[in-house]
Amino acid sequence: MRMALPDNHQALQMTRQQLSVAIGVNGETIAYWLKEGLIFALGDQKLGRGNHRRFGYEAVHIAAILAELSRYGMNTTGLRNLSSRLWRAVELGRLHPDFTPIDFMCCKNLLMGNDFAVRGENVPDIMSIDLALTRDDNDVENEVYPIGTPGPRHVKMMEWFSIDAARLLTAYADLMSRDIFSRCPEMVCKRELERIDRVHIRGRSFWGRC
C-alpha cells in the first residue's frame, strides 16, 4: 500500500470519489461499506449526500486498511469485525481527547499491578494504585518520577481503562499512524489485536496525532 498523506493529514477530508481513487476501490464498494457501517462520513453522514459526503482522517485510514485486507481475501465479516474495533477506538478518543501515550503507559502499569494483586503476588511500586494516590499529578507530569509512573488522575482513568481498551488503543496507535501506508496491514492487524505488551509512541496523543 502506498497512499501518500499530506503533512496536515489529521485535517484530511475526502469526497467519495477522492477516497475511491486514493485507496483503489470502486465507488460501489465504498457505498456498500457505508451501507454496512464499515466506514462513516464526517458528522455521522450529515455533511452532504452521495459523492458530496466528506470522509475524515479516521475514515480514510480505516477504508484504506479495509481495501488492502480485501485484496488479501478477508471477507465482509472479518472486515466488519476489524472496522468495528477501530471505530470503538475512535469513540474512545472522542470521550477522552486528552489521553496520551504516557497516560497509556501509566494506566497499563496500574492494570498489570491489579493483576498481580489478584494473584496474591507482590505489586511493584510503579504498578501500585495505593502509591499512585500518594503522588502529585504535577510531579508525574513533570517527570519527577520515571516515565510510566502513575498518579491520582491515572487511578481515576481506571474507571474506563481495561484490557480491551488497551488492545483498542494499541491497534489504533499503530494502524492510524502514517507508517501503516508502507507496511502490510494484514500482519499489523493480527499482531496488534492480539497483543497489549507495547504501544508505539509517535506523538503526543493517540487521537489523530500519531
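In the predicted model, Cys107 is buried, with a relative accessibility of 0%. Cys106 is likewise assigned to the buried class, its relative accessible area being 1%. Both values fall under the 20% limit that defines burial.

The cysteine sulfurs were then examined for covalent pairing. A disulfide is a covalent bond that joins the sulfur atoms of two cysteines. For Cys107, the closest cysteine sulfur is that of Cys106, at 6.8 Å, which is too far for a bond. The search from Cys106 leads back to Cys107, again at 6.8 Å and too far for a bond. The structure accordingly contains zero disulfides.

Helix 1 spans residues 16-23 and helix 2 spans residues 27-36; the two pack with their axes 9 Å apart and at an angle of about 110°. Helix 1 is therefore roughly perpendicular to helix 2, since angles of 65 to 115 degrees are placed in that class. The crossing of helix 1 past helix 2 is right-handed. On the side of helix 1, the contact is formed by Arg16, Leu19, Ser20 and Ile23, while helix 2 contributes Gly27, Ile30, Ala31, Trp33 and Leu34. By residue class, this contact between helix 1 and helix 2 comprises six nonpolar residues, two polar residues and one charged residue.

Technical notes
Residues are numbered from 1 along each chain as its sequence is written. This is a predicted model: local features need pLDDT of at least 70, side-chain atom pairs count only at pLDDT 80 or more; totals for chains, interfaces and linings use all residues. Side-chain values use heavy atoms; hydrogens and water are left out. A disulfide is a pair of cysteine sulfur atoms within 2.5 Å. Buried means under 20% relative accessible area, exposed over 50%, partly exposed in between (1.4 Å probe, protein chains only). Axes are lines fitted to C-alpha atoms, for helices over the stretch in contact, and angles run from 0 to 180 degrees between N-to-C directions. Helices (H or I, at least four residues) and strands (E, at least two) are DSSP runs, numbered from the N terminus. Angles under 35 degrees count as roughly parallel, over 145 as roughly antiparallel, 65 to 115 as roughly perpendicular and the rest as oblique. A crossing is left-handed if the near helix is turned anticlockwise from the far one by less than a right angle, and right-handed if clockwise. Contact means heavy atoms within 4.5 Å. Ala, Val, Leu, Ile, Met, Phe, Trp, Tyr, Cys and Pro count as nonpolar, Asp, Glu, Lys and Arg as charged, and the others, Gly among them, as polar.
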